[in-house]
Number of protein chains: 2
Amino acid sequence: MAKGTLSSSGSLSAKAPEERRERILRATVDVVRTRGFAGARVSDIAEAAGTSQGLVLYHFRSLAGALDAALTLLEDEFYDDLARDLQEQVGPVERLRHMADLGAGQGPAVGDWRLWLELWVRALHDPDARETRESLDRRWRAALREVIAEGVASADFDPLDPDGAAIRLASLMDGLAIQLALDDPDMTTQRLADLWWDAAVLELRMQP
Amino acid sequence: MAKGTLSSSGSLSAKAPEERRERILRATVDVVRTRGFAGARVSDIAEAAGTSQGLVLYHFRSLAGALDAALTLLEDEFYDDLARDLQEQVGPVERLRHMADLGAGQGPAVGDWRLWLELWVRALHDPDARETRESLDRRWRAALREVIAEGVASADFDPLDPDGAAIRLASLMDGLAIQLALDDPDMTTQRLADLWWDAAVLELRMQP
DNA sequence: GCACGTGCTGAACGCTCATTCAGATAGCCT
DNA sequence: AGGCTATCTGAATGAGCGTTCAGCACGTGC
């Protein structure tokens, strides 16, 4: 059992405690994705991260702490996803089109609807989660409103009720996504995107 | 300690075992409503029903059994709610209008969106719940399709895409309901009903 | 009047799981 | 070299909770 190259045997603490923490955080998100908030155990997280249970509690103060951290990680990634994806597009029509695809499951955070479902239910009972989801939802709706306003300015859109259209389109995405998240046989990512896009055409009175 | 009038002291077992069972079932639904499926404890149910924990397990075989029973109770009530409410109305426009109000929180089962959220997440991990929610959703969508078909026949509606409209309107209701269930400051029952109705007007191209 | 089954209770059992803790290891400063 | 601290581990602890169980009450059939 030689000392090895650089990082040693036994506990591979050598360096990268931060990298370790990161790995645990990712693992936490994964576990929530598969087991749900309610089903997430410290041992699950430890196993998924390839560490001991002790370390999970060492980096985050408790299981709840780890779950909260995962929540804010999600929030950050959502913002990044959204911002990056929308800035790549040029006109309002293209942006809107891209939002349809975004909802249908691109991006690491935005399209992960199982995670959203979990967040919603957690928000039902946990004030922290409630705030996170409200902030996320505001953000998403604001982005939609912006795109709509942009399209109205450029005469691409002509909605009867811009605010109502924004809320409805945002909510419609949520509702369609539920079926997707639950593997409803009648729903696919393509169908979701199409159904949503058609609704947008109708709501915003777009001309083909 | 006289024998009392009829039902005796101690355990009030006298009669009505069936009534007792019913009370426990109601209590289970209540607990799920407030604590969620994941947070429901046998002791919560017993307390809410005013019985011992033992009795809960006596009538249903396990906690899971009680939760399952609550689920099917919900399913039955949903069907009853829906059928009764729709048969009271005459024309397609009135029926549709009523569906908007239904979603906005009438009826003991249909409008209870917190319960729906809970069901959705349970469906994510429990096959029984998955089947229940799928059946419920099919039913709701079928009712919507029927009303739409009726309205097309009577020339009250003129949708471009009847099937798409049905799915979208059903999904929109779910999406709006999420905000209502989560006490989003921007959503009220009235607003939900209005937003949904406006969408229906648009989708079905109704004339005022 | 007496056994018996059903309804019901409260205490006890045992398991799962978050959290604590007593170290082990390794870099770092002096 | 020799502490000191940060990182990490595996086992121990203990609380919470579902489930089991021994037994009480009471109506029913013999």
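These are my notebook entries on a predicted model with chains A and B.

**Ground rules**

I number residues from 1 along each chain as its sequence is written, and I letter chains from A and number ligands from 1 in the order in which they are written. Since I am working on a predicted model, local features need pLDDT of at least 70 and side-chain atom pairs count only at pLDDT 80 or more, while totals for chains, interfaces and linings use all residues; side-chain values use heavy atoms, with hydrogens and water left out.

**Entry 1: chain A overall**

I began with the secondary structure, taking helices (H or I, at least four residues) and strands (E, at least two) as DSSP runs numbered from the N terminus. Chain A holds nine helices and zero strands, and along the sequence it reads α-α-α-α-α-α-α-α-α. Next I looked up burial, where buried means under 20% relative accessible area, exposed over 50% and partly exposed in between (1.4 Å probe, protein chains only). Of the 208 residues in chain A, 51% are buried. For contacts I use heavy atoms within 4.5 Å. Among the contacts in chain A with a separation of 6 or more, 66% join residues 24 or more positions apart.

**Entry 2: the two copies**

I superposed the copies by least squares on the C-alpha atoms of residues with pLDDT of at least 70 in both. The same surface serves both copies, as 100% of the contact residues of chain B recur in chain A.

**Entry 3: H5 against H9 in chain A**

I then turned to a helix pair. Two packed helices are described by the angle between their axes and the distance between the axes. My axes are lines fitted to C-alpha atoms, for helices over the stretch in contact, with angles running from 0 to 180 degrees between N-to-C directions. H5 (residues 92-103) and H9 (residues 189-204) of chain A pack at about 145°, with their axes 8 Å apart. From H5(A), the residues in this contact include Val93(A), Leu96(A), Met99(A) and Ala100(A); from H9(A) they include Leu192(A), Trp196(A), Trp197(A) and Ala200(A). I sorted the contact residues of H5(A) with H9(A) into 10 nonpolar, one polar and three charged. In that count Ala, Val, Leu, Ile, Met, Phe, Trp, Tyr, Cys and Pro are nonpolar, Asp, Glu, Lys and Arg are charged, and the others, Gly among them, are polar.

**Entry 4: the core**

Which residues have the most contacts inside the largest nonpolar core? I found Leu96(A), Leu117(A), Trp196(A), Leu96(B), Leu117(B) and Trp196(B), in a core of 140 residues. Such a core is a set of buried Ala, Val, Leu, Ile, Met, Phe, Trp, Tyr and Cys residues joined through side-chain atoms within 4.5 Å.

Ala200(B) is in H9 of chain B and is buried, with a relative accessible area of 0%. With the neighbours within four places again left aside, Ala200(B) is in contact with Leu96(B), Leu169(B), Arg205(B) and Met206(B). Ala200(B) and Ala100(B) are 100 residues apart in sequence, yet 9.3 Å apart in space, C-alpha to C-alpha.

**Entry 5: Asp137(A)**

Is Asp137(A) buried or exposed? It is buried, at 9% relative accessible area, and it sits in H7 (residues 127-153) of chain A. Not counting residues up to four places away in sequence, Asp137(A) touches Asp174(A) in chain A, and Gln179(B) and Asp184(B) in chain B.

**Entry 6: positive phi**

I noted two residues other than glycine here. Asp183(A) has phi near 55°; Asp183(A) lies in the loop between H8 (162-181) and H9 and is partly exposed at 49%. Arg205(A) has phi near 50°; Arg205(A) comes in the segment after H9 and is partly exposed at 37%.

**Entry 7: H2 in chain B**

The buried residues of H2 (residues 42-49) are Val42(B), Asp44(B), Ile45(B), Ala46(B) and Ala49(B). What covers them includes H1 (17-39), H3 (53-59) and H4 of chain B. Leu63(B), in H4 (residues 63-87), is in contact with Val42(B) and Ile45(B), among others. Just after H2(B), Gly50(B) takes a positive phi of about 70°.
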